[in-house]
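Here are my notes on the model you sent over. Have it open while you go through the points.

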Amino acid sequence: MDYINYLVIAAAAYLLGSLSFSIIVCRLTTGKDIRSYGSGNAGLTNSFRVLGGSKTLLVLLGDTAKAAAAIYLGGYFAGMPGKLCAGIFVILGHVFPVYFGFRGGKGVLVGATMLLFLDWRIFLTAFVLFVCAVAITRWISLGSILGAVSFPISMHILYGDARMTAVAALMSASVIYLHRSNIGRILHGCENRFTLHGKPQISGDKKEEGAK
């Protein structure tokens, strides 16, 4: 095993993951910090609630691209184990971004992109569970948790590799841990429900905000 390759993969993936596009887009378009609004989370769902659809599309494209680049790099240097290594560290970068005071998102979109590049079957299983859960409950967090739970199960069924399954289980547990406050609200029935019709909390750009 070439440990230098894995160190390069880990460092590059972490630095790519630290490019938090919800923070970047919000600052460039409004001059504000998205972590001061909504749930305080620098993720896709909060971006939609705070910034609206058009700006969230930029967040979606940016965060997907950084994850795709990291996973491609990992696969190029070290195959499937390299993809898993890159996946771990691009998610760590997203959750704890070095450029933004180590306060980022929960890594769901980045994790979903990782699953797509790992194996489309693993991604599809997680995506179907996510869509069904959100369609029934309108809880994005529940869909994210169920998708995460499916990851190690699918990995075990499709590959039967104990080490890769263990890594997948650790990543799944991390996602669940990051959603612990959401789980508490779900159990109490007070979790926010997703809607496409909400009004953005920051509606204007920097010029508009300055004119008020």
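1. First, a salt bridge here is a side-chain nitrogen of Lys or Arg within 4 Å of a carboxyl oxygen of Asp or Glu. Asp-119 is buried at 6% relative accessible area, while Arg-121 is partly exposed at 37%. (Buried means under 20% relative accessible area, exposed over 50%, and partly exposed in between, with a 1.4 Å probe and protein chains only.)

2. Some housekeeping. This is a predicted model, so local features need pLDDT of at least 70 and side-chain atom pairs count only at pLDDT 80 or more, whereas totals for chains, interfaces and linings use all residues. Residues are numbered from 1 along each chain as its sequence is written, and side-chain values use heavy atoms, leaving out hydrogens and water.

3. How many salt bridges does the structure hold? There are five. Among them, Asp-33 meets Arg-35 at 2.9 Å, N to O, and both of these residues are buried. Arg-27 joins Asp-33 and Arg-35 in a salt-bridge network. Glu-191 also bridges to Arg-185, with the closest N and O atoms 2.7 Å apart; Glu-191 is buried at 8% and Arg-185 partly exposed at 30%.

4. Now the rings. Rings of Phe, Tyr and Trp (its six-membered ring) pair if their centres lie within 6.5 Å; planes under 30 degrees apart are stacked, over 60 edge-to-face, and the rest tilted. Searching the whole structure turns up five aromatic pairs. Phe-48 and Phe-194 make a tilted one, 5.4 Å between centres and 40 degrees between planes. Phe-48 sits in helix 3 (residues 44-51) and Phe-194 in the loop between helix 9 (180-187) and helix 10 (206-211), so this pair ties together parts 146 residues apart in sequence. (Helices are DSSP runs of H or I, at least four residues, numbered from the N terminus.)

5. Phe-123 and Phe-127 are stacked, because their centres are 5.6 Å apart and their planes at 15 degrees. Both belong to helix 6 (residues 120-137), four residues apart, or about one turn. Phe-123 is partly exposed at 21%, as is Phe-127 at 40%.

6. Finally, the core, meaning buried Ala, Val, Leu, Ile, Met, Phe, Trp, Tyr and Cys residues joined through side-chain atoms within 4.5 Å. The largest one has 26 residues, and Leu-84, Ile-91 and Phe-151 are among those touching the most other members. Which helix gives the most to this core? Helix 4 does, with 11 residues.

Technical notes: Helices (H or I, at least four residues) and strands (E, at least two) are DSSP runs, numbered from the N terminus.
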